[in-house]
Structures are given as structure tokens and as C-alpha cells.
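Student: Hi! Could you walk me through this structure?

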Amino acid sequence: MDESATWRLPESDWYSPRRLHDCPTHYSFPGDRFLPNRCLMDLDKAHTLLTSKTPQFNTSSNFNQAYRQKLIENLSLDSQGRPFKIMVFRGSPKSSRKSIRFVDELRQEVAAIFEKDCKQTPYRCIPKGEKRVLDAPRLRNDYYSNIMSWGINNILAVALGPELYLWNSEDQAVHKLLQVRGGNDWPTSVTWSEDASTLAVGYMCSNLQLWDVESSKLIRSLQGHSGRIASTAWNGHILTSGSRDKSIINHDVRAANSLASCIKRHADEVCGLKWSTEGNRLASGGNENLLYIWEASKMSSSKFLHRLSDHCAAVKALAWCPYQNNVLASGGGLSDGCIKIWNTEKGICINNIETKAQICGLEWNRHHKEILSGHGYSIRENQNKLCLWRYPSMTKVGELGNHKSRIINLCQSPDGITVISAGADETLRFWDVFGPPTAGAGNSMVSDLQGLLSFRTSLLR
């Protein structure tokens, strides 16, 4: 480098390798101490040294000497000219072992704190038996029917053959709301409105009625179907019904002409309907093994959001996740036996569990991230059982069940603690499976005692 060269400010592209190669610029300053400037390097000479078979040791140039001196100064002196070392070994084998022991002690302390927290964290016991059993004579053994609904008024509505009963969970009072005359018709779908002011009842012979429970009077009848109405679902003032005639009808119960829209996409009976918590999407399951997702704003055009064909049997059991609005659980019939978890935003299955049994109902736990499945026929396992699954891993937490025949329906109490299973053995069984955490291990004895005493049976009528 020329000793008389003056300091120059670098140009905007001084770091460009192409510029350095084509027209190198020479600077007097040595550059960064860790990454020297390319302009201070003799790249041609370096290439020759690397590729030449005859080693060259001519290192006496002024450039190399100046560069070495500046490099030594930058590596051994700080910004104020005081000596220091970048890399220095500090400590001794003894202090090193001490640090290792310190890490081990820290890990032990963390483990002790975690264990203490685990002991203090309340847990709950899965009940070994039912809290209550109600006798339900003439309950029909029909997989496609949905004959139970528990309203926010704490009244359970259940259809038993041609009759429909109301059971008050607070005082255990029983009231018969209606009875169908004639042997060819009976209630096949029962659903409370969101405010529990109206009870919708669908019938075998295509009738759909709205009842005022306070006065025990029929408000109105809704027309439009020509076959059994086995599924109904409320979304505000909209009542949606699904029928064996393969259609889905939205009824605006405020209007004189209630028919708001009619959709005919299913190729077989509509046996499952469920509105999302936000009311913006509807899930419909059919006996042709298909699951449709509909947007509320586009239902009048009969344009679906997703058409899902992963199930191999009828899709009756549907449940929207209470803590993830776009997640839906669906269950298939005997030939399928799978619980599928769907991302309805993307229309993809995010989890699939083979239960190896007919799935007749699904209920999410609002207190813990769990989902409960009710099962019917099976050729291998889980027959007539209730199975509790942890979400999102879908590992089985436990199973319950004393039904002597398959489970037909599930429904959940307004407080989200109790689940009722209706069985073809003509019983309604109450399970406190969704309860909040218990205070401690002592309650397990109480749970066991309740399990032994839970076989007391009372008549629903």
C-alpha cells in the first residue's frame, strides 16, 4: 500500500464483491478487527499459495507487516489502549465441577417446586357410577332420533314414545306436555330455544311444532317437510330442521311465512344439525355419510362452505368446540366408529380417533379441555359406553357406562357439569363427569360412595 495515500470515505457500494474485483479501492484504515476489509487482502497471492505445489514463504512485504501489527493491536488492546485478551480461560477444573453441581442443584430445586405445585393443584375424580337413574319407559330404540334437550331453565324435555315429558331438575317435578294420538306418529326431535321460552318438537309424520311450556300450549305448526324430522337446531329466532326428505329448512319463527330458506344438498336423511356458538356456521350430517359446513349468510343460495366425505357411515353426532370457534367434532355410525376433529375454516380433518363403536352423541366439556362420546353397537369395544377424551391429544381419560343396551342420545346440563345419557334399555343416567376440580384426594372416597349409591332408580313418570 502507498504510504502517502490519504484517508477516503467509502462509497455507497464499497462492500460489493464485484466492485472490489473489477476496480478495487485502496484504503489506509485496516477495517473491522474481526472481519478485515477485502481491499486489504492480497487475494491473488492467497490463491497462488493455496493452489501452488511449491510453497512460498515471502511474507516480508510492508503490507503484511503493517496488517499483522494492526491485527495484534486490535486483538490485544481495548479501545483505550489497555491490554486485554479476547479468549482467556478462566476458572479451574475445580470451579468447573462446582458449576456443574450448581446446575444440578438448580434442576433439583425446579423439580421440587414443580412437584409441590402438582400436589397443590386440585384434581377431579372421574365418577365410577351415575349420580341418578331415571326410568324412561317406551323410550324408542332409534339411532336417528334426538329425543332429549336440557334448557337453561333447568328443565329436561324428553320424548318417550308418543308422549313428551318435562322434568324439573331443581324439584324433580314431572309434567307431561303432550301426547300424540294414533299409532303412526311420535316425537322424533326435541330442542329448547336459546332462552328456553319455546320448545321445538319434530315428528315422525313430518310435523314441526312450537310449544309454550309455561302455558303448556301449542304456539304454531311449521310446514315444509314431507318426511320424519329427526334433527332440529336453534340460532336465535331461526329454527333449522332436517328431515328424511333430504332437505334442510330455516324457519324464521317471527314471520307469518316462516320459511326463510330451503336447502337440498344431502342425498339421504339429514340426521344431525348443530349451529356454531357464534351462530355464523351450521354443520349438517347425513345418512349418506356426508358432512356439510354452511355459512349463515349464504344459506339462501344453497352454497356450502365445505363438503366433507371422510366418514364411512351416517353422521349424527355433532358438537362445536366451546373454546375454539372454528373447531367441530363429528362422529360416525357403526361402519365408521370414528371421532373426527375438523378445522372448519380450512375444511381439513386435524385429528381422527377410531373408537371401534357406533357414535350416538358428542358433548364438549366447558370446564376442562375434554370431549365425551356416547356409543352404541360395537363388534369389538366401547359398546354402550361413555368415553372421555382429552383434547387436543384425543387420548382416552376414562370410560363409564352401565347401560344394558346402546346409548341413543347425550345432552348436557346448563351449568356444564352433568351429562345425561338416554339408553335403549329405557333409562336416563346422570353423570357428573364434567365437574370442576375437586379440593383434594379426600373426595375420592365420596366419589366412590356415590358410585355405589348411584343405582337408586326413580320413575320419570
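Predicted model: local features only at pLDDT ≥ 70, side-chain atom pairs only at ≥ 80, totals over all residues.

Student: Ok! How many helices and strands are in the protein chain?

Tutor: The protein chain has 5 helices and 29 strands. Both are DSSP runs numbered from the N terminus: helices are H or I with at least four residues, strands are E with at least two.

Student: And what share of the residues is buried?

Tutor: Of the 461 residues in the protein chain, 44% are buried. Buried means under 20% relative accessible area, exposed over 50%, and partly exposed in between, with a 1.4 Å probe and protein chains only.

Student: Show me a sheet. What is the strand order in the open sheet of 4 strands?

Tutor: The order is β18-β19-β20-β21, with antiparallel pairing. Two strands pair if DSSP finds at least two bridges between them.

Student: Why do β18 and β21 have one side left without a neighbour?

Tutor: β18 (315–320) and β21 (348–354) stand at the edges with a single partner strand each, so one side of each has no neighbour in the sheet.

Student: What about β19 and β20?

Tutor: β19 (residues 327–332) and β20 (residues 338–343) pair in the antiparallel sense over 5 bridges.

Student: New topic: how much space is in the largest pocket?

Tutor: About 1,400 Å³. On a 1 Å grid over the protein atoms alone, a pocket is an open set of points where a 1.4 Å probe fits, with protein on both sides within 12 Å along at least five of seven lines; lining residues have an atom within 4 Å of a point. The volume is the space filled by probe spheres set on the points, which are joined across faces, edges and corners.

Student: Last one: is S302 buried or exposed?

Tutor: S302 counts as buried, at 18% relative accessibility. S302 sits in the loop between β16 (291–295) and β17 (306–308). Leaving aside neighbours within four places in sequence, S302 is in contact (heavy atoms within 4.5 Å) with C262, I263, R265 and W294.

Notes: Residues numbered from 1 in each chain as written. Heavy atoms only, no water.
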